[in-house]
Amino acid sequence: MSLYITADIGGTSVKLGVADEKGAILARMAVPNPVREQGVDAILEAVSAKIRVFRESYAISGLAVSTAGVVDKNGVVLCAGTNFPGYSGTPLAEKLGALCGLPCTAANDAACAALGEAWLGAGKDASPFVCVTLGAGIGSAILIDGSLLSGASNFAGEIGCLPFEGGILEDFASARALVRSVAKAKNLSESGLDGAKVLDMARAGDPAAQSGVQRQMRALAAGLAAVFLIVDPAVVVIGGGLSAGADVLAPVLEQELSLLRDAAPLPRPRILFSSLGNDAGMLGALSYHLRNKP
């Protein structure tokens with residue numbers, strides 16, 4: 001059976017694994033993402049260095065990459081957020097493939113999360129299916145009959161960019177937004193908090209953390225309401241780093257959606273939280289690679 005290296009390039013770290021064609025991950029490692037301090041070339045070198053380590057022990061047939069940013073079918077990063085300075089315009093698949101000597105594909109991280117959940121996770125056999133990832137930003141992707149809806153400009157499904165209260169939805173519903181609001185309320189440094197810590201505080205009954213979660217889920221509900229009406233999905237899967245906090249987030253999200261349903265007739269898709277966790281992006285990148293082998 002062929003083996004592949006699959007990588008998930010996130011805002012703070014890059015996760016890598018060796019997986020077979022059925023999605024079994026045989027080995028894994030992670031490396032901090034150096035892009036903010038050292039630039040794009042540092043990402044490429046960090047990833048290729050770990051790939052060289054894997055290849056000492058495994059015969060590898062290809063490289064599958066999930067990455068933040070809008071990515072075209074050729075694996076070029078069309079645009080990326082402020083967490084990735086200089087990343088826009090990077091021919092990621094071409095560069096990594098050349099550095100590693102492997103056929104390489106690259107796709108958007110939310111699209112990969114959706115493909116992973118549709119293949120082996122909570123979105124299996126659902127159509128239409130929407131995956132929304134809550135991390136440093138907000139990613140999202142739409143699958144119809146198992147195929148990604150990309151749109152004319154590769155922006156289809158990007159609900160994080162929806163206009164919202166003078167900004168965009170990501171400014172209010174992401175993990176970074178949650179941390180920012182709680183840090184401000186408690187007069188703390190944002191550097192001492194992350195999404196997981198805020199959720200732990202909410203579990204323990206901290207009023208500021210609970211209010212922050214309420215505000216975050218209210219914004220997310222507004223974004224999802226637009227998706228419900230436009231796509232009418234059968235299933236919505238919430239993924240990303242915050243998806244591990246389903247016990248805190250799910251009841252608040254459902255409460256906020258119920259309030260919106262009191263004012264408008266919204267569809268009622270099943271809302272599930274990721275069953276693949278942090279592996280969704282890597283497995284989805286592999287699914288994309290197997291579908292689009294160079």
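Contact here means heavy atoms within 4.5 Å. The model is predicted, so local features need pLDDT of at least 70, side-chain atom pairs count only at pLDDT 80 or more, and totals for chains, interfaces and linings use all residues. Residues are numbered from 1 along each chain as its sequence is written, and side-chain values use heavy atoms, with hydrogens and water left out.

**View 1**
Strands (E, at least two residues) and helices (H or I, at least four) are DSSP runs, numbered from the N terminus. Buried means under 20% relative accessible area, exposed over 50%, and partly exposed in between, with a 1.4 Å probe and protein chains only. Leaving aside neighbours within four places in sequence, Val 237 is in contact with Glu 117, Ala 122, Gly 123, Phe 129, Val 130, Cys 131, Val 132, Leu 272, Phe 273 and Ser 274. Ala 114 lies 123 residues from Val 237 in sequence, yet the two are 8.1 Å apart in space, C-alpha to C-alpha.

**View 2. The largest nonpolar core.**
A nonpolar core is a set of buried Ala, Val, Leu, Ile, Met, Phe, Trp, Tyr and Cys residues joined through side-chain atoms within 4.5 Å. At least two residues each come from β8 (129-134), β9 (138-144), α6 (175-186), α7 (195-203), α8 (207-231), β13 (235-239) and α9 (246-263). Helix α8 gives the most, with 10 residues. Apart from this core lies another, of 32 residues, among them Ile 5, Val 18, Ile 43 and Ala 93.

**View 3. Met 217 and Glu 256.**
Residues up to four places away in sequence are not counted in this view. Met 217 touches Leu 134, Leu 249, Val 252, Leu 253 and Glu 256. Glu 256 sits in helix α9. Glu 256 counts as buried because its relative accessibility is 4%. Gln 214, Met 217, Arg 218 and Ala 221 are the residues that Glu 256 touches.

**View 4. Salt bridges.**
A salt bridge is a side-chain nitrogen of Lys or Arg within 4 Å of a carboxyl oxygen of Asp or Glu. The whole structure holds 8. Arg 203 pairs with Asp 247, with the closest N and O atoms 2.8 Å apart. The pair links distant parts of the chain: Arg 203 is in helix α7, Asp 247 is in helix α9, and 44 residues separate them. Arg 203 is partly exposed at 40% relative accessible area, and Asp 247 is partly exposed at 49%. Glu 254 bridges to Arg 261, with the closest N and O atoms 3.2 Å apart. Glu 254 is partly exposed at 35% relative accessibility, whereas Arg 261 is buried at 13%. Bridges that share partners join Asp 200, Arg 203 and Asp 247 into one network. Lys 15 bridges to Asp 8, with the closest N and O atoms 3.7 Å apart. Lys 15 is partly exposed at 22%, and Asp 8 is buried at 11%.

**View 5. The hairpin of β2 and β3.**
Two strands pair if DSSP finds at least two bridges between them. Strands β2 (residues 13-20) and β3 (residues 25-32) run antiparallel and are joined by 7 bridges. Ile 25 in β3 is the bridge partner of Ala 19. The hairpin has 4 residues between the strands, and Gly 23 takes a positive phi near 90°.

**View 6. Strand β4 and its partners.**
All 6 of the 6 residues of β4 (residues 62-67) are buried, so the strand is largely enclosed by the rest of the structure. Gly 62, Ala 64 and Ser 66 are buried on one side, and Leu 63, Val 65 and Thr 67 are buried on the other. Strand β1 (residues 3-9) pairs with β4 in the parallel sense over 6 bridges. Ile 5 has Leu 63 in β4 as its bridge partner. β4 and β7 also pair in the parallel sense, over 5 bridges. Thr 67 stands opposite Asn 108 in β7.
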